[in-house]
Amino acid sequence: MSNFRIAILFFSLIACQSIPNETETEAVFETGNAQWIEDDRELPAADSLFYLDQPAPLFRKDFEVDQAIEKATLFITAAGYYKASLNEKPIGNNVLDPAWTDFSKRIYYTEYDVTALMEQGGNCLGVALGNGFYNPLPLRKWGHRNLREDLAAVGKPTFLAKLVITYANGTSEEIVSDTSWKYTYGPLLKNSVYLGVAYDARKELDHWNSPGFDAGSWQPARQGPGPGGQLQKAFFPGVQITQEIDPILVTALDQDTWMVDMGVNFTGTYRIKLSGSAGDTIVFRFGERLYEDGTLNPMTSVIGQIKRKGTGGPGAPDIAWQTDSYILNDEASQWFEPEFTYHTYRYMEIKGLKEKPELSDIKGLFMHSNLESDNIFACSSELLNAIQEATQRTFRANLVSVQSDCPAREKFGYGGDLNATNESFMYNFDMQDFYRKTIYDWVDAMKDSVFIDTAPFVGIQYCGISWESAFLITQYYLYLYYNDTDIIRELYDLDKEWMDKVARIHPEGMVDHGLSDHESLEPVPVGLIGTGHHLQCARIMKTFAALMDDQPNEQKYDQLATHLQQLIKAKYWDQPVTEKINRQTLFATLLYHDIIPDDEIPAATDSLLQAVQNGPAGHFITGIFGTKYVLETLSEHLSPDVVFDIVNSTAYPGWGHMIDRGATTIWETWKESDNTYSNCHPMFGTVTEWYYRWLAGIRPDPEKPGFERFTLAPSMPDGLDFVNCTYRSPNGPIVSNWQKTQANAYRYEVNIPKGSTAEIALPLTETQQIAISRKETAGEPKVISGVEKEKFLLDEGMYTILVSPVE
């Protein structure tokens, strides 16, 4: 088959499979007579005009109810963002809805039970629209990347809605979005998901979304074409305000300028009480840092590195910092809470406010996809706990319907960060549904002949296989952690076609272009990292083929894996590597991907240890992938104690150094940056995976996925007195709590959920003895006899294991 025909086949398969069938999400609602509607204003004719006031439209629909209601259900979505209300009351808790997707292929809608909001007599549905990622500004990030050109679908914000009212007598009625709706423009003059908002409180329309409001001057809505994507019910957690953060300090910078310290770096907005004269303009700016003189340093969160005049294109600000503005009305005091945007900040500069705001006048609003998280890690080291807290905060801040690499500068869903951290996220949150959505984003984004870097696609395509392979590797981790075989069965044909694409791009197997160990402090060849990911994908496909009972392809991918392993071994192990290379990443990668023969592993481990000891302060200098690899391989082949001494240190480079320098989120780089690099970046958060896997010892078994069988092998390094850890597996919570009780003794409490079996592997010497008891539903704990070794199996139950000196 010619390359041209193969390319067409792959492209066609993507087109066919870009939308999962109805058994994977849920059947789309029947739109019936519902129409995509919008305002009548045309989009600006020139890029510079996008930066002028473009007030957000408000839509309303009056309707009557004259009989008893059994149930009322609203189905609603938008291209852009929407905020819906019924009789002035907000509908649901989601913000920044719907989730960002390629709107030309897939649009998620939300279903709300609004029965309690309905009234007898007059009712009013209200919808406000924001731009979101559907109507972005033509900001030229890095001077050339323009989302209006790079996104597959852009246009005016538009929405689709259907309210289904079921009456007690069994009849029903539908209120749908159509040209009978009325619209006008409200007080939100500008809204950008990147730059922020401008709001004029003098233009507020009190009770605009209440029944009986006089909308005689409003205009009829216009039917629009819609963005084109297939409707699907949202099956993943929505973005919500999950925490209100109290500021810790307000200081005066000038007569009318104030600096607010929120205490932590986070993603979201704020609520603030304001007062002053009507017409006064209050300007807010945001940043992750302060300069030494106490003024705002916004530079690490500047949008797209637009930091000088002309870089961002016609009309763009000279410096694209995060900023909001608010024009006061004549009320004595008023509250402001921005909509349709989100910022990343610890510090908020307020200019134009005559009176110093009280701490109680300000709330930070932490926004992110509201993932379930019953998982807990805590230990006796305050530093490790601070690192864990900062890591979780960083992860949450980068989960705003896509998993981003930084939540201010780009907000893009890079595959490399996903490949590096997906297990880390899974240890901390229930990621199954979110990552299913992420995989579908990749399905919609991928091209037939090149690798892309992000999903949704934003025009960037230079990083190579180590980024796009997140499409396949994330499927595997859904299988490993959740026993999700449905996603594999659904996408298996596409997975095979993707592997064929890899073969066309890298016909010899060795990867020769793309991005490697990003932010490593020393060079790392793409041949090592990229080919390692190629090998990982071949092994994954062997597993998938076996699951699908596809023996020919199981053999094919096994042969490919063997070939790739030999290529890597020949180039990076069998002969000396003479080029300048990060030797920590080199040996960690070889060990992580099982390149090295068993009898030569000790030599590789010694080389890795030497490379680490040669680093600054004996610490890691690895990048986005090497850090994950070195944490795992040092622990597996040497000792977690070595890793603990590095993690539990404030020396540079390291996580403790970040905390010691005041970080409350994880940096993009080991070296502190006050101008260029994000201070809220997930990729070095892989340390949390090490916490769960090695200090708590909770590790899945690839032969029994979904924690049907798993390992409990806690590590108890010197300097650490206890660990308390809970991980919620598909079968229920796994508990791994240990505490040193005296010299040469410890207490270990575990919970193994119903339907699971754990292989326990404990640190046990000849001078120690072991006693095990299981908690019973009634009566005294049952003593488990016959266990004398450090490794043994336990079935479901709550156990107490006591290890003490031999008497």
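## Basis of the analysis

The model is predicted, so that local features need pLDDT of at least 70 and side-chain atom pairs count only at pLDDT 80 or more, while totals for chains, interfaces and linings use all residues. Residues are numbered from 1 along each chain as its sequence is written, and side-chain values use heavy atoms, with hydrogens and water left out.

## Salt bridges

A salt bridge is a side-chain nitrogen of Lys or Arg within 4 Å of a carboxyl oxygen of Asp or Glu. The count by this rule is 40.

One of these pairs joins the side chains of D39 and K156, with an N to O distance of 3.3 Å. The two residues are 117 residues apart and link distant parts of the chain: D39 is in the loop between β1 (37-38) and β2 (57-65), and K156 is in the loop between α2 (147-150) and β10 (158-167). Helices (H or I, at least four residues) and strands (E, at least two) are DSSP runs, numbered from the N terminus. D39 has a relative accessible area of 3% and is therefore buried; K156, at 10%, is buried as well. The cut-offs are under 20% for buried and over 50% for exposed, with partly exposed in between (1.4 Å probe, protein chains only). Both residues belong to a network of salt bridges that also includes E38, D40, R41, E42 and R222.

A salt bridge also connects E349 and R285 through their side chains (2.9 Å, N to O). This pair again links distant parts of the chain, 64 residues apart, with E349 in strand β26 (residues 343-351) and R285 in strand β21 (residues 281-287). E349 and R285 are both buried.

In the salt bridge between E776 and R774, the closest N and O atoms are 3.2 Å apart. E776 is partly exposed because its relative accessible area is 28%, and R774 is partly exposed at 23%.

## Negative surface patch

E88, D206, D330 and E331 form a patch of negative charge on the surface. Such patches consist of residues with over 30% relative accessible area and no salt bridge, like charges being joined within 9 Å.

## A buried histidine

H368 is in strand β27 (residues 362-369) and counts as buried because its relative accessibility is 3%. Its side chain makes a polar contact of 2.8 Å with the side chain of T242. A polar contact is a pair of N or O atoms within 3.5 Å; within protein, one must be able to donate a hydrogen and the other to accept it, and residues adjacent in sequence count only if both atoms are side-chain atoms.

Notes: Patch = residues over 30% accessible without salt bridge, like charges linked within 9 Å, V, L, I, M, F, W, Y side chains within 5 Å. Areas by Shrake-Rupley, 256 points an atom, 1.4 Å probe, with all protein chains shown as cover. Lys, Arg positive; Asp, Glu negative; His and termini not counted. Charge placed at Lys NZ, Arg CZ, Asp CG, Glu CD.
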